[in-house]
Amino acid sequence: MTVATTVTLDDKYTQEQGRIYLSGIQALVKLPMLQHLRDQAAGLNTGGFVSGYRGSPLGGLDKELWRA
């Protein structure tokens, strides 16, 4: 018998173990989130800064960061 698992679209950012499926932009959003967790585990209090420019090929990155 198999057990049904609830899957949400937010799993890509909240799931800490196992396999997740991401687009390229989603992977770039996940990287600073993972770095923050690594810094916390090392006892560091760090921050991050992401910048870009209009018309960038990664133009949707800022919107996806806000959503995450």
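**Notebook: contacts, shape and charges**

I began with contacts, meaning heavy atoms within 4.5 Å: among those in the protein with a separation of 6 or more, 45% join residues 24 or more positions apart. This is a predicted model, in which local features need pLDDT of at least 70 and side-chain atom pairs count only at pLDDT 80 or more, while totals for chains, interfaces and linings use all residues. Residues are numbered from 1 along each chain as its sequence is written, and side-chain values use heavy atoms, with hydrogens and water left out.

**Fold and shape**

I looked up the secondary structure and found 3 helices and 0 strands, in the order α-α-α along the sequence. Helices (H or I, at least four residues) and strands (E, at least two) are DSSP runs, numbered from the N terminus.

I then took the radius of gyration over C-alpha atoms; the globule rule is 2.2 Å times the number of residues to the power 0.38. The protein has 15 Å, whereas a compact globule of 68 residues would be near 11 Å. I noted a C-alpha trace spanning about 50 × 35 × 15 Å along its principal axes.

**Surface**

I read an accessible surface of about 6,200 Å², with 56% of it belonging to carbon and sulfur atoms. Areas come from the Shrake-Rupley method with a 1.4 Å probe; for residues, only the protein chains shown count as cover. Of the 68 residues, 15% count as buried. Buried means under 20% relative accessible area, exposed over 50%, and partly exposed in between (1.4 Å probe, protein chains only).

**Charges**

I counted Lys and Arg as positive and Asp and Glu as negative, leaving out His and the chain ends. Each charge is placed at NZ of Lys, CZ of Arg, CG of Asp or CD of Glu. The mean positions of the 7 positive and 6 negative charges are 6 Å apart.

I searched for salt bridges (a side-chain nitrogen of Lys or Arg within 4 Å of a carboxyl oxygen of Asp or Glu). The structure holds 1: the side chains of E64 and R67 meet at 3.4 Å, N to O. Both residues lie in helix α3 (residues 61-67), 3 residues apart, about one turn of the helix. E64 is buried, with a relative accessible area of 12%, while R67 counts as exposed at 62%.

I also checked D39, which sits in helix α2 (residues 24-41). D39 is buried yet has no salt bridge, and the nearest side chain of opposite charge, R38, is 6.0 Å away. Not counting residues up to four places away in sequence, D39 touches L44 and T46.
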